[in-house]
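Here is a friendly briefing to read alongside the model. Please keep the viewer open as you go through the topics.

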Amino acid sequence: MRVLVVDDQDLFRAGFGLILGAQPDITVVGEAADGLEAIDKAIALTPDVVVMDVRMPRLDGVAATHRICAETSAKVLVLTMFDLDEYVFDALRAGASGFLLKDVRREELVDAVRVVAAGEALLAPSVTRRLIAELTDRGRPQPELARRLDELTERERDTLRQLARGLSNAEVAAVLTVSEHTVKTHVSSVLAKLGLRDRVQAVVFAYEAGLVRPGVAPEVA
């Protein structure tokens, strides 16, 4: 897979590049020191994954993530120094597929890039809880999103409700008493029908559409 490393600090760029480039299935196709350079290189180099810092000069990682997700097929893996970084939530809403701390072990970094490249989302439960709290603070559901829920079957809505709780495919399967393969099929259908990139975006959509509410256990049809 092809990876672009974006960070304004030379040491981090070099370190991440060396770790990832040492893997037989990963090629580091380029580096960028700020958001504007990241956008240009993401378009020119067509990476599968962009490893993205959030706090950078000229253009931050949030704005760069939004542009890259809108204009390319690359997945974005966000890196930050602090798990309470306010930029993280904005980056996830902008289309990022995952989140890691910069002090992550090398094995975790490599695994994270592979997970994101495979189309899965990478989000720790603690981050999911804070993301949900952040979405809750934003107020009432958005009617235009709520109307789009009509595109889903009842079982697909059930699946989306459980995803919004931060459950894995296996956990969703247990709740809905179906096979894990069936859950994967429903998840793929939900993402395709709603035009979402991954599970993180599905969680955001479920709350903004009012399908689930904090503190209320999702119903199962």
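R58 is exposed, with a relative accessible area of 63% (exposed means over 50% relative accessible area, buried under 20%, and partly exposed in between, with a 1.4 Å probe and protein chains only). This is a predicted model, in which local features need pLDDT of at least 70 and side-chain atom pairs count only at pLDDT 80 or more, while totals for chains, interfaces and linings use all residues. Residues are numbered from 1 along each chain as its sequence is written, and side-chain values use heavy atoms, with hydrogens and water left out.

**Two loop residues with positive phi**
- Most residues other than glycine have a negative phi, and most peptide bonds are trans.
- R58 has a positive phi, near 65°, and belongs to the loop between β3 and α3 (61-71).
- T46 is not a glycine either, yet its phi is positive at about 45°; T46 sits in the loop between α2 (35-45) and β3.

**The chain as a whole**
- The chain holds eleven helices and five strands (DSSP runs numbered from the N terminus: H or I of at least four residues for helices, E of at least two for strands).
- Of its 221 residues, 48% count as buried.
- Taking contacts between residues at least 6 apart in sequence, 67% join residues at least 24 apart (a contact means heavy atoms within 4.5 Å).

**The sheet**
- Five strands form an open sheet with parallel pairing, in the order β2-β1-β3-β4-β5 (two strands pair if DSSP finds at least two bridges between them).
- β2 (27-32) and β5 (98-101) are at the edges with a single partner strand each, so one side of each has no neighbour in the sheet.
- From one strand to the next, the twist averages 20°.
- β3 and strand β4 (residues 75-80) run parallel and are joined by five bridges; V49 stands opposite K75 in β4.
- Helix α1 (residues 10-21) packs on the sheet and touches β1 (2-6), β2, β3 and β4, with its direction at about 170° to that of β2 (axes are lines fitted to C-alpha atoms, for helices over the stretch in contact, and angles run from 0 to 180 degrees between N-to-C directions).

**The annotated aspartate**
- UniProt, in an unreviewed entry, lists D53 for "modified residue: 4-aspartylphosphate" (positions are in the numbering used here, feature names are shortened, and annotations may be inferred rather than shown by experiment).
- D53 is part of strand β3 (residues 49-53) and counts as buried, at 4% relative accessibility.
- Leaving aside residues up to four places away in sequence, D53 touches V6, D7, D8, G61, L79 and K102.

**Helices α9 and α10**
- The axes of helix α9 (residues 169-176) and helix α10 (residues 180-194) come within 8 Å and cross at roughly 105°.
- α9 and α10 are therefore roughly perpendicular to each other (65 to 115 degrees; under 35 counts as roughly parallel, over 145 as roughly antiparallel, and the rest as oblique).
- N169, A170, V172 and A173 of α9 meet E180, V183, K184 and V187 of α10.
- The residues of this contact divide into five nonpolar, one polar and two charged (Ala, Val, Leu, Ile, Met, Phe, Trp, Tyr, Cys and Pro count as nonpolar, Asp, Glu, Lys and Arg as charged, and the others, Gly among them, as polar).
- H186 also lies in helix α10 and counts as buried, at 16% relative accessibility.
- Not counting residues up to four places away in sequence, H186 touches R155, E156 and T159.
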